[in-house]
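Open the model in your viewer and keep the selection tool at hand.

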Amino acid sequence: MLYREIGQYKTSYAADQQVFSIRQDRLIIAVLLLAAVFLIPFIANDYWLVAILIPSLSLALAALGLNILTGYCGQLSLGTAAFMSIGGFATYNLVMRIPEIPFPISMLLAGVIAGLAGVLVGLPSLRIKGFYLVVSTLAAHFFVQWLFDAVTWFKRNNPQGEIKPPPFKIFDFVFNTPVSQYLLVLGFVIVLTILAKNLMRSTTGRRMMAVRDMEVAANVMGIPIGRTKLLAFAISSFYCGLAGSLYVYCYLQLLDTKTYSLELAFATMFMVVVGGLGTIMGAFIGAAFIFLLPIWMNTTFGKYGIDPSQIQNISKMIFGALVIFLLIVEPNGLARLWMRAKDKLRKWPFPY
Amino acid sequence: MEFFLQVFVSGLLTGLMYSLVAIGFVLIYKASGVFNFAQGSMVLAAALTFVSFHEMGLGFAVSIVLTLVVMVLLGILVERVALRHLVNASLITLFMATVGLASIVEGLAQFVWGGEVHGLDLGIPDDALAIMGSFTVSTFDLFAAGIAAVLVTGLALFFNKTRTGLYLRSIADSPVAALSVGVPMSRMLAVVWATAGIVALVAGMLWGARLGVQFTLSVVALKALPVFVLGGFTSITGAIIGGLLIGAVQNLGEIYIGSIIGWGLQNWIPYAFALLVLLIRPSGLFGEKTVVRV
Amino acid sequence: MKGLSGRKVFGGWKTIGLCVALAVMMLSSAVFADVNLKMPKGKSFTDHNNVNLKRIIYTPLASYRVGPYAAGGTGYYGGEIDLFKWINLKYGGINGVPIVWDECETEWDTPRGVECYERYKNKGPYGATANDPLSVGIAYALQEKTQKDKIPSITPNHGNTASQDGRIFPYQFPLEITPYDEANIMVKYAGQKLGGMDKLKGKKIAVLYHGSAYGRETINFHNAMAKQYGYQIQQIEVAHPGNEQMAIWLNVKRWNPDFVFLRGWGVMVPVAIKTAAKVGYPISKLIGNIWSNSEADVIPAGAAAKGYVCINTQAPGRNWPLIQTLWKDLYEGRLTGGKNEGNMADKDKVGSVYYNLGVVAGIFHVEAMRVAMAKFGNDIPLNGQYKRYGLENLNFTDEKLKEYGVLGMMQNVYTSCKDHTGGHRGKFTQWDGKQFKTITDKWIEADEDQIWGLIHERSEKYAKENGITPRNCNNPKDVLYDLADVKK
């Protein structure tokens with residue numbers, strides 16, 4: 001009913017190829033975006049902004065990056081946290097050492113640095129395949145963790161080692177209130193999501209998917225395997241680097257290697273897999289699900305007077321069980337569930 | 001030279017401890033093609049269960065038997081409830097499912113037994129045994145190496161001399177062919193998961209005696225991962241050799257590279273080494289070469 | 001049943017052991033008088049989690065009882081909650097105003113800590129009165145937020161070291177001691193053992209530190225002290241989490257230092273102790289730091305830990321009037337109608353290192369509010385702003401410690417506008433295989449003159465980078481800070 005498309009005719013190739021080809025989709029997205037930009041800043045309190053929206057949006061960006069690499073190009077990676085930390089530390093060093101560069105440019109440059117590191121980490125993927133590749137990204141993770149701790153230059157010889165990064169600013173406007181930080185993260189996320197969506201529909205994106213689906217076949221078709229893989233690593237790490245930078249500058253306000261733990265890498269991987277490999281929407285649904293589920297369980301069980309130490313254990317079990325259940329029921333993730341629902345809606349009430 | 005030898009030998013012995021966990025990985029990977037990340041949590045669960053039974057006042061042997069039952073049941077349960085339904089899922093999905101499993105096992109173990117730290121005394125002295133001059137070997141590490149040898153021999157006998165072992169090898173070679181000649185696939189998978197539970201118990205007791213029984217035990221999975229990869233996923237021999245190599249490289253690297261570029265390298269040296277080997281041999285030392293067809 | 005040492009206790013022996021323990025407790029109860037605070041006694045209050053009351057002191061606790069550091073969190077928050085509960089039951093709260101709290105599990109994870117803080121900061125009639133996360137990461141991440149929200153951070157023995165300088169960090173309280181104090185006291189103890197600081201000349205000291213921001217913090221200071229006292233020093237990093245230290249200890253043994261300082265955390269400590277034994281290095285030369293000093297650090301090491309010495313900011317054990325009173329009132333049920341309503345699930349851990357630290361932290365919470373109410377009156381809004389004033393004017397003289405029944409257990413703490421740490425003292429304890437025994441009667445004090453220079457260097461750099469003008473602690477208006485305009 002809601003999704004009836006009668007009367008929507010595609011009269012040009014451009015119309016046929018647009019990102020959201022159904023009017024209802026465009027409407028939903030527009031409403032969501034408008035609400036996110038104009039409504040939420042007015043109605044959300046500090047808790048929602050600081051504890052929920054900002055971190056889940058920045059993590060969604062990281063998940064998006066990982067999804068480009070793992071979901072679209074099929075390269076397994078546990079290096080997300082490492083790329084995020086490169087982004088975070090690069091931003092910090094650029095901002096503090098070369099204050100002449102405007103902050104946003106520093107952040108983008110940090111993303112580029114993370115992207116270059118991604119290419120380096122991706123090099124072994126030319127020879128090593130499948131699960132073996134995890135070793136390469138894990139090696140990068142542990143190496144980067146060690147490097148940023150051991151070489152004190154990266155922390156500007158700060159003896160405490162846990163750094164308070166200065167707040168993000170554009171010219172003289174300082175982003176130090178939750179609302180401004182939220183809007184900043186949201187801006188980055190919107191622009192980068194649109195870019196990713198279009199990139200994945202382009203030749204580059206389709207090459208990546210060909211590599212993912214069958215490398216040998218893609219090779220035979222003349223797709224440059226190595227270049228495609230490295231490009232995927234670079235783009236993905238760029239996204240992760242920016243996410244890592246936003247995570248620290250707009251959310252945690254604490255820069256330390258511990259911030260980018262392996263658990264974070266696993267969490268983003270969960271977001272991608274549960275949300276839906278190879279879908280843009282999946283990164284967002286997954287991020288919301290994985291980030292919010294534990295918090296939701298924690299607050300809900302707390303109401304029933306369960307021993308606080310056991311709440312966490314119970315949520316851990318439920319979390320694991322739910323993830324496995326989802327993977328069994330819908331191996332393609334939550335995004336796929338939504339697609340199926342949409343298909344049903346489009347045909348309802350005459351599903352022929 | 002004496003010092004070098006000391007560092008080298010203690011590294012080899014430590015490496016064997018990683019092999020114990022990696023063998024658990026190998027068993028399950030061989031039979032079902034899953035990298036079971038939850039093996040580390042199973043090690044934790046086994047050690048915690050054993051210690052808790054023991055602290056309740058049950059005897060050593062009784063506690064072992066009870067823990068064994070628990071671990072076997074846990075293994076079978078995992079296979080029945082979760083992994084059976086994930087047959088044919090993609091590599092990533094399977095891997096993440098076992099990470100989810102790890103979360104369940106950790107939660108469950110702490111839910112039942114609590115998060116306290118326990119000591120575990122196996123009654124084996126842990127001090128320096130002088131071999132020659134200043135060259136010493138830890139008595140406990142020697143004992144652990146002995147246990148590892150017994151375990152590996154036992155597994156080898158099991159795989160090579162029993163009917164079940166034959167079935168298992170056939171499944172590892174070709175699941176489809178095995179199924180078509182009437183190998184009871186589902187029962188065999190249960191056997192494998194139960195065996196992995198037993199291996200986790202052995203590893204859990206030895207590691208528990210080394211580190212104390214606490215949450216951090218599950219971290220050994222991350223240390224055993226490069227061993228497993230280096231060995232080539234499917235070979236128990238590979239896991240042993242891989243463990244020895246990683247242990248020695250880690251120790252030597254810490255001493256001889258660490259003194260030059262800064263200490264604390266042991267987290268990434270094993271991975272870097274495994275990566276280096278993989279670049280030369282992309283499927284590990286003892287892994288099977290995969291042939292890709294369109 | 002679990003013994004404190006983690007060894008099994010057999011059924012039959014269990015009963016006998018319990019009887020003996022009871023007998024000992026009854027005997028000791030004769031020795032110790034009950035603690036009686038000089039505070040009006042109100043109606044006993046039992047509704048400890050009811051946030052909807054009109055006048056309460058709301059103290060959310062970002063606790064952790066699962067995960068890798070569960071042992072520390074369970075003891076610390078157990079001690080704190082026991083003290084709060086006891087004050088509520090016996091006095092109806094602080095000066096008749098009950099303490100109400102919520103627990104929020106963080107698993108020692110910084111993002112979770114931030115979430116907990118945001119969740120509870122505006123609850124209750126006056127909002128949260130303190131942020132107490134027992135985690136440097138969380139305290140550090142919330143530094144600016146707590147300042148803005150006017151909620152003081154209480155971080156005994158940890159937190160941002162530079163925030164010892166209260167002029168620049170009005171809302172941060174790294175009470176008792178900081179890493180610099182600790183390192184200095186450890187060197188002083190080593191000197192004492194040798195028979196004088198001059199004897200340190202030419203000796204060798206190795207420092208094994210945890211591979212994290214926390215572990216690295218004292219590197220420069222240790223080097224400076226080595227130069228000052230003329231001993232050789234080697235500082236070695238142990239990769240996180242520290243479950244494999246064979247190579248490191250072989251290296252230590254080869255160098256053969258006179259002392260090995262452990263700046264450890266979590267599993268690193270028991271493994272260090274065990275590995276020392278493995279390579280044949282004597283345990284008597286090890287000295288553990290403030291986060292390597294609990295039962296959870298030695299029990300997993302088993303027999304190898306016997307004789308292990310470490311620094312502590314409060315003496316462990318139950319032989320202190322306050323701990324005795326808590327035990328009798330809450331665990332034996334004198335105030336709870338015979339029921340055990342203590343917070344520790346494992347009763348044996350009452351009197352453990354982290355439990356006593358939690359009790360001390362609880363005392364800081366309580367005393368801060370008492371100080372504020374004494375100064376501004378009982379009808380003040382019970383919020384973080386006033387609590388901050390109390391925390392800045394703590395005056396734990398011997399009499400005060402005696403009133404709380406912790407003389408000898410807790411150190412003198414005198415905070416001021418300048419000094420938000422206030423203690424700078426440590427005692428040394430030794431593990432005898434079953435429990436920690438205090439081996440230094442007197443408190444060893446750190447050389448503050450030397451340390452202040454380092455602190456100011458760091459805090460002033462922070463002030464400069466963030467555009468903060470330090471308070472002038474000679475100006476009474478600056479001392480009162482954000483309460484300067486309040487009458488009384």
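Select chains B and C. Here 36 residues of chain B are in contact with 42 residues of chain C; contact means that C-beta atoms, placed from the backbone, lie within 7 Å. This is a predicted model, in which local features need pLDDT of at least 70 and side-chain atom pairs count only at pLDDT 80 or more, while totals for chains, interfaces and linings use all residues. Residues are numbered from 1 along each chain as its sequence is written, and chains are lettered from A and ligands numbered from 1 in the order in which they are written.

Now colour the side of chain B that touches chain C. α1 (2–32), α2 (39–55), β2 (135–138), α8 (185–211) and α10 (236–261) of chain B each supply at least two of its residues. Helices (H or I, at least four residues) and strands (E, at least two) are DSSP runs, numbered from the N terminus. α1(B) gives the largest share, six residues. By class, this side of chain B has ten nonpolar, 19 polar and seven charged residues. Ala, Val, Leu, Ile, Met, Phe, Trp, Tyr, Cys and Pro count as nonpolar, Asp, Glu, Lys and Arg as charged, and the others, Gly among them, as polar.

Next, select C:G302. Look in the loop between α11 (295–298) and β9 (309–312) of chain C. Is C:G302 buried or exposed? C:G302 is buried, because 23 other C-beta atoms lie within 10 Å; the cut-offs are 20 or more for buried, 12 or fewer for exposed, and partly exposed in between. Leaving aside neighbours within four places in sequence, C:G302 is in contact with B:G119 and B:D121.

Chain A has 14 helices and two strands. Its C-alpha trace spans about 70 × 60 × 45 Å along the principal axes. Buried residues make up 49% of its 352 residues.

Finish on chain B. Select helix α9 (residues 220–231) and helix α11 (residues 269–280) of chain B. Their axes, lines fitted to C-alpha atoms over the stretch in contact, come within 9 Å and cross at roughly 10°. α9(B) and α11(B) are therefore roughly parallel, a term for angles under 35 degrees. Show the side chains: B:P226, B:V229 and B:L230 of α9(B) meet B:P270, B:Y271, B:A274 and B:V277 of α11(B). This contact has seven nonpolar, no polar and no charged residues.

Notes: Contact = placed C-beta atoms within 7 Å. Axes fitted to C-alpha atoms, helices over the stretch in contact; angles between N-to-C directions. Parallel < 35°, antiparallel > 145°, perpendicular 65-115°, else oblique.
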